[in-house]
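Please look over the sequence and the structure before reading on.

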Amino acid sequence: RKTSVSFRDVCLLRVFQLGLTTLKQLQTRAIVTSPQQEAILGDQALSLVVRCLDFDFIGTNPEESTEDVGTIQAPSSWRPILQDPSTLEMLFYFYRHTVPPRSS
């Protein structure tokens, strides 16, 4: 539990921001690459963002739980990013432009 809390407090926000930055660069075509590499990078960045949001922020979900929870308990330091309309617009953009299972 201590390791999980330390990772959350020290690293996870930065990892989340890195995933969002990569998605934004792909969306704005700031990264020049082949279509195949772009699809792979987009898939990996989106997966990273989703996994950050899936993190057990409050430490109550058992490891073996497979339930999909519709809400997250993100730290207050994440609030400006999560409430930024451009973040949501970008995530919905990738939802519309990717194929399942990433968009599901």
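## Contacts and exposure

Glutamate 38 has a relative accessible area of 22% and is therefore partly exposed. The model is a predicted one. The side chain of glutamate 38 meets that of arginine 29 in a salt bridge, with 2.5 Å from N to O. Arginine 29 is exposed, at a relative accessible area of 52%. How many salt bridges does the structure hold? There is one salt bridge in the structure.

Next come the aromatic residues. The structure holds three aromatic pairs. Phenylalanine 16 and tryptophan 78 form a stacked pair, with 4.7 Å from centre to centre and 25 degrees between the planes. Phenylalanine 16 belongs to helix H1 (residues 2-27), while tryptophan 78 sits in the loop between helix H2 (35-53) and helix H3 (79-83), so this pair ties together parts that are 62 residues apart in sequence.

Another of the aromatic pairs is made by tyrosine 93 and phenylalanine 94. The arrangement of tyrosine 93 and phenylalanine 94 is edge-to-face, with 5.2 Å between the centres and 85 degrees between the planes. Tyrosine 93 is partly exposed, at 24% relative accessibility, whereas phenylalanine 94 is buried, at 8%. The limit that separates these two classes is 20% relative accessible area, because buried means under that value.

| Residue | Relative accessibility | Class |
|---|---|---|
| Tyrosine 93 | 24% | partly exposed |
| Phenylalanine 94 | 8% | buried |

The cysteines remain. A disulfide is a covalent bond between the sulfur atoms of two cysteines. How many disulfides does the structure hold? The number of disulfides is zero. Cysteine 11 is partly exposed, at 31% relative accessibility, whereas cysteine 52 is buried, with a relative accessible area of 3%.

How values were computed. Residues numbered from 1 in each chain as written. Predicted model: local features only at pLDDT ≥ 70, side-chain atom pairs only at ≥ 80, totals over all residues. Heavy atoms only, no water. Disulfide = S-S within 2.5 Å. Buried < 20%, exposed > 50% of the residue type's maximum accessible area, 1.4 Å probe, protein only. Salt bridge = Lys/Arg side-chain N within 4 Å of Asp/Glu carboxyl O. Phe/Tyr/Trp six-rings, centres within 6.5 Å; stacked < 30°, edge-to-face > 60°. Helix = DSSP H or I, 4+ residues; strand = E, 2+ residues; numbered from the N terminus.
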